[in-house]
Amino acid sequence: MTLIQRFNRALAQQNLLSPDQTIVVAVSTGVDSMVLLDLLQRVPVQQRPQILVAHVNHHLRAQSAEEAAFLTDYCATRSISLKIAEWSADQHPQNGVEAAGRQFRYDFFAKVMATSGATAVLTGHHANDQAETYLMKLARGGDLAQLRGIQASRPFQTGQLVRPLLTFSKQQLRDYASEHQLTFYEDVTNQDVTLTRNRLRQRVVPELMQVNPEFLSHVATYEQQLSTLLSAKAQMVATLLPTVQVQQQLDLQQLSKLPSQWRLPVLQAWLQKHTRQLVSETKLVPTYHWAINSQSASSRLPLTATLELVKAAGMLAVLPVKKRVKKLRPSEKIMVDLDQWQKITATQSVGVFRTSPTVASQPFPLLNSDMPLVLRPWQPGDQLKLKHGGQQLVRRVLIDQKVPRSERTAVQVLVNAHGTVLWLVGHKFSYRDPNIARAQTVFLALKHTELKGVHLKR
Ligand SMILES: Nc1ncnc2c1ncn2[C@@H]1O[C@H](COP(=O)(O)OP(=O)(O)OP(=O)(O)O)[C@@H](O)[C@H]1O
């Protein structure tokens, strides 16, 4: 089969052989995309899709303007529609020009696709590009899924991104170009061996082809096998995921019942679903150990700036990061406004109300001279007034009530303007005669709230 026949077969496989559809052809004026454009024009007219060439002038090389002018002339002579985008120098970033240029290109292709109603964008990627991509990914490391190379076709905007030359080697394309006397431009930056891809292109791939001339087709075969394997894996994970999910949460016991090789991929899929981010399995290993280890020191694990993993009652949930309530230090005081809840810890709020609140509360005769009321951690000399005129040290109350030493410092007292303790919050009230003159009855209340998400449903 000739190269032209193989090319037409590749187009047929992608359902592109129809004059009723428009395709965008990304042409850089390099040999690959000029061969692509030439081959497309050789498709019999009754099958040939409408061609719309898209070119980006990157303004990166002196040659750029010449290339754009050449392509303008080429398309005009052959009555081919052409769209050119200018990526002007002032748009170039200081670093990462290559990636930014690629982004600009694909954004432009997407725009052209949208405005022309095209069904596909075609690029000139070939078998050597595929091999270089594989080698780069092997060197970089990661999950097997990340080793996937360039796809012959993948969804792109409202259609497909198609690489019909993926099975052809660079040499085959060069031979075709010289046989058909095509004009094309060499990218001089391809000679720059300080760039990793160029070193692979010029040194490593030729070496490997010396080891085995079939190297490129072996890479293509691996890519196919890998694709099949990964889609089988994705299907299996999709089947297993519902067996460990309870609503939005993940049941850790069910997870640990899965065959060991599926636990990490299922955790990964569950996390991806709830965070919309894919974390590689390799990076997920510590998270997995934290999740299944019942001795983990903490029940929370930060995931992103805004999300955290929360583990409770054998379940795992992805929740928004809670704003931590700052622990009160001994010197800190909070002025108490009447009729308002005041948070004193992550789970406790205190209020002084003029009408009885819905939660349990203690009536207390309050004097104008008590105001302002203050909440603060208790101090060593603090005392409570007892009913028959005596005093009791706060410290004594805490000891009598067997409050663990570690929890004692966090206990708060409500004191009046004169520093008299009215309430040892959560433990005991000071006594005051309910018939004292000029007093108004207020209600001292303590409310416990659960930390959202810590008490998870099973
Ligand atoms: N300036 C350009 N204008 C239009 N199309 C381009 C341009 N540069 C590259 N392309 C398209 O992208 C294909 C691959 O080009 P090249 O290998 O230089 O890009 P890459 O950056 O390595 O690949 P990718 O763009 O997929 O990351 C070309 O064959 C061509 O179809």
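**Note on the predicted model**

1. Confidence. The protein averages a pLDDT of 91, and 96% of the residues score at least 70; pLDDT is the predictor's confidence in each residue, from 0 to 100. This is a predicted model, in which local features need pLDDT of at least 70, side-chain atom pairs count only at pLDDT 80 or more, and totals for chains, interfaces and linings use all residues. Residues are numbered from 1 along each chain as its sequence is written. The model scores are ipTM 0.96 and pTM 0.69.

2. Over residues 453–458, pLDDT stays under 50. For this segment the model has 16 contacts beyond four places in sequence, a contact being a pair of residues whose C-beta atoms, placed from the backbone, lie within 7 Å.

3. Overall make-up. The secondary structure comes to 13 helices and 22 strands. Helices (H or I, at least four residues) and strands (E, at least two) are DSSP runs, numbered from the N terminus. Of the 458 residues in the protein, 25% are buried. Buried means that 20 or more other C-beta atoms lie within 10 Å of the residue's own; exposed means 12 or fewer, and partly exposed is in between, with C-beta atoms placed from the backbone. Taking contacts between residues at least 6 apart in sequence, 68% join residues at least 24 apart.

4. Ligand shell. There are 15 residues around the ligand, and A26, S28, V56, T123 and G124 come nearest. A residue is near a molecule or strand if its C-beta atom, placed from the backbone, lies within 6 Å of it. Two or more shell residues come from each of α2 (31–41), β2 (50–57) and α4 (97–116). The most come from β2, which gives three. By class the shell has four nonpolar, seven polar and four charged residues; Ala, Val, Leu, Ile, Met, Phe, Trp, Tyr, Cys and Pro count as nonpolar, Asp, Glu, Lys and Arg as charged, and the others, Gly among them, as polar.

5. Nonpolar cores. A nonpolar core is a set of buried Ala, Val, Leu, Ile, Met, Phe, Trp, Tyr and Cys residues joined through C-beta atoms within 7 Å. The largest has 47 residues, and V24, V25 and A54 have the most contacts inside it. The element that gives the most to this core is α2, with seven residues. Not counting residues up to four places away in sequence, V25 touches L36, L37, L40, I51, V53, A54 and L122. Another core, of 21 residues, lies apart from the largest one and includes V350, L373, V415 and V425.

6. Sheet with β16. Five strands in the order β12-β16-β19-β20-β21 make an open sheet with antiparallel pairing; two strands pair if DSSP finds at least two bridges between them. At the edges, β12 (334–336) and β21 (428–429) each pair on one side only. Three bridges connect β12 with β16 (residues 373–377) in the antiparallel sense, and M335 stands opposite V374 in β16. Strand β16 also pairs with β19 (residues 412–415), antiparallel, over four bridges; here P377 stands opposite Q412. In a regular strand the side chains alternate between the two faces of the sheet. The covered face of β16 holds L373, L375 and P377, and the uncovered one V374 and R376.

7. Sheet with β11. A further open sheet of five strands runs in the order β7-β8-β11-β10-β9, and its pairing is antiparallel. Its edge strands, β7 (245–246) and β9 (300–302), each pair on one side only. Between β8 (residues 249–251) and β11 (residues 315–320) there are two bridges, with the strands antiparallel; L250 has L316 in β11 as its bridge partner.

8. Hairpin of β5 and β6. Strands β5 (residues 153–156) and β6 (residues 159–162) run antiparallel and are joined by four bridges. R154 stands opposite L161 in β6. The hairpin has two residues between the strands, and Q157 takes a positive phi near 50°.

9. Q348. This residue is in strand β14 (residues 348–353). Q348 counts as partly exposed because 18 other C-beta atoms lie within 10 Å. Leaving aside neighbours within four places in sequence, Q348 is in contact with L446 and H448. Q348 and H448 are 100 residues apart in sequence, yet 4.7 Å apart in space, C-alpha to C-alpha.

How values were computed:
Contact = placed C-beta atoms within 7 Å.
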